[in-house]
Amino acid sequence: MKIMTCPLNGPRPVSEFFYWGEVRPMPDPDSCTDAEWADYVFNRNGAPGVKREWWCHTPSNTWFIAERDTEKDIVLKTYFYQGDA
Amino acid sequence: MPWRLLRFALNKKHPEPRMFTSHNKLKSSYDVVIIGAGGHGLAAAYYLATEHGIKNVCVLEKGYIGGGNTGRNTTIIRSNYLTPEGVKFYDESVRLWQDLSRDFDLNLFYANRGHFTLAHTDSALRTMRWRAEVNKHYGVASEVVGPEAVKEAAPMIDLSCAGHSPILGALYHAPGSVARHDAVAWGYGRGADRRGVEIHQQTEVLGINVQGGKVKGVNTSRGYISTNKVLCAVAGSTPRILKMVDVRTPIYIHPLQAMVSEPIKPWLDPILVSGSLHVYISQSARGELVMGASLDPYELHATRSTLDFVEGLTSHMLDMFPFLSSVKVMRQWAGMADMTPDFAPIMGKTPVEGFYLDSGWGTWGFKATPVCGKTMAHTLVNDTPHPLITGFSLDRFSNYALTGEKGAASVGH
């Protein structure tokens, strides 16, 4: 069983968690072009590597950031969102 | 055909040459370079050689022939999709499948079994009626049937599914079939090889030379090749290749797992799929039950299988077929599925001139192998997308014109 460390609840089975994709800055919808908005809505950085992602520990509804190597399947760090994304 | 097999019994030496020619060196240039020797890439090479007379073609493969998702899927072939684009496209593919064994002179074990998609809720049944009507409109055999028809086709089923998700009906698709997946890659590969296409296994693409927005060549682990046309047909490795040419797409990779049981006596003729229970199951010619579930829930570029998957899938399997409780699981594996937001592929031209994509095949690529090869060969030769694939172009995302095939994905992902 894979284990993920929740910043609030400690190490838990990964099945308790929900994945919500990479942390991505949102362009300003009022000033960006249609093309920029479409790029934000649809396109993803699909190549493997170390990524910062949103995860949620569902039983406690705790949202946090995980740094994960998507090629090696290793979670490097988990911490609460600091308002920097 | 069966008489021909006698030669193998009567000859002391194996009476046929090896299936593929091995080439010691890459040439310095080719008319077309295809990345990925899976079903799709080899089919494109085959149709380039047979239908368009283009034989100076090289197929590059990082691993071995058919070792990616071609050899990792659950071999189901069907065309009961939801959108007009999807139905027409997959129906053409099913037609091509039916003649393939003869075209290749190779037994693909293509077996027409019939395909039931089970509905456990009213809303699922409603989507099936919709699918059936779209299918019938385009001449695809597809109808909604009641639970009794499911029971008749698969008498061992528990129609109540352990009491918690009773089967209300099913979408029945008579042309639903299975085929031997490796043989498909081998058949296309051998056909292309015999016509002069070079297949280079153990040859990894390291970079793609793009100058002034045009493809000029490919850098491989065995040297540089110059070419003006590159077809990328690499399924789960698509984002890595796209990074080399700096093209952005919505493709993201999730593993999709599958497993087979030990071989047992034939008892299941049709292919059964349950979207709500996340199960699909068929019995292979060898008697193994071939089973799959939904995608793994997060992005991962690896093909390790998990115990969580086996536990989840078997518990749902037992809801449907309680008598399987003593049957053993023999193998499990994973493939990297290249998913798109609208559950339709991304095919055709890209912003880079001479770089063509056959991707976004997620969990539905095997059945499309022949028609992908055919339409991509046409697209490469004419430099305009084949009429069957215009709805699958990459620019549909920047135009907000998505295809909406999710309702027909085999299980709710």
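In chain B, eight strands form an open sheet with mixed pairing, in the order β6-β7-β5-β15-β16-β17-β14-β18. The edges are taken by β6 (143–145) and β18 (329–339) of chain B, each with a single partner strand, so one side of each has no neighbour in the sheet. From one strand to the next, the twist averages 20°. Strands here are DSSP runs of E with at least two residues, helices are runs of H or I with at least four residues, and both are numbered from the N terminus. Two strands pair if DSSP finds at least two bridges between them. Angles run from 0 to 180 degrees between N-to-C directions, with axes fitted to C-alpha atoms.

The model is predicted: local features need pLDDT of at least 70, side-chain atom pairs count only at pLDDT 80 or more, and totals for chains, interfaces and linings use all residues. Residues are numbered from 1 along each chain as its sequence is written, while chains are lettered from A and ligands numbered from 1 in the order in which they are written.

Strand β14 (residues 252–261) of chain B runs antiparallel to β18(B), and 10 bridges join the two. One of the residues involved is Ser261(B), whose bridge partner in β18(B) is Val329(B).

Some values for the whole chain follow.

| Property of chain B | Value |
|---|---|
| Helices | nine helices |
| Strands | 20 strands |
| Box filled by C-alpha atoms, along the principal axes | roughly 65 × 65 × 40 Å |

Of the 413 residues of chain B, 52% count as buried, meaning that 20 or more other C-beta atoms, placed from the backbone, lie within 10 Å of the residue's own.

Conventions:
A residue is buried if 20 or more other C-beta atoms lie within 10 Å of its own, exposed if 12 or fewer, and partly exposed in between; C-beta atoms are placed from the backbone.
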